[in-house]
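Here is a short walk through the charged contacts of one protein model. Keep the side chains in view as you read.

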Amino acid sequence: QVQLLESGGGLVQPGGSLRLSCAASRNIFSIYVMGWYRQTPGKERELVAHITSSSTNYADSVKDRFTISRDNPKNTVYLQMNSLKPEGTANYYCYARFALRDYWGQGTQVTISS
């Protein structure tokens, strides 16, 4: 099993930056893919970014503004979010695919507002 704990959410003004962290309960070197999704009330959860040991993948809406990275020794995945826009307001969830199962964190709220 994998437990995921997000942190770093909060309130930020449009154009600002935030860095989200996702700490995993096991060695993430063994986890094939990790990532971030986001969800707003009444909408489906949508992909923000994925990362494997060799590649990254981003939603078109965040390309060139967001960067996903992983620190294997710290068992942590990060999402650096720059040039934030109000439409990015959502609950952000950490995701891991391990041993043919999907795991999710509890989510961290990001609010972008002036």
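Predicted model: local features only at pLDDT ≥ 70, side-chain atom pairs only at ≥ 80, totals over all residues.

Residues are numbered from 1 along each chain as its sequence is written, and side-chain values use heavy atoms, with hydrogens and water left out.

How many salt bridges does a search of the whole structure find? The search finds three. A salt bridge here is a side-chain nitrogen of Lys or Arg within 4 Å of a carboxyl oxygen of Asp or Glu.

Start at Arg38. Its side chain meets that of Glu46 in a salt bridge, 2.7 Å from N to O. Is Arg38 buried or exposed? Arg38 is buried, because its relative accessible area is 9%. Buried means under 20% relative accessible area, exposed means over 50%, and partly exposed lies in between (1.4 Å probe, protein chains only). Glu46 has 38% relative accessibility, so it counts as partly exposed.

Move on to Asp60. This residue forms a salt bridge with Lys63, and the closest N and O atoms are 3.2 Å apart. Asp60 is exposed, because its relative accessible area is 66%. Lys63 reaches 41% relative accessibility and so counts as partly exposed.

Finish at Arg97. Its side chain pairs with that of Asp102 in a salt bridge, 2.9 Å from N to O. Arg97 is partly exposed, because its relative accessibility is 30%. Asp102 is partly exposed, with a relative accessible area of 40%.
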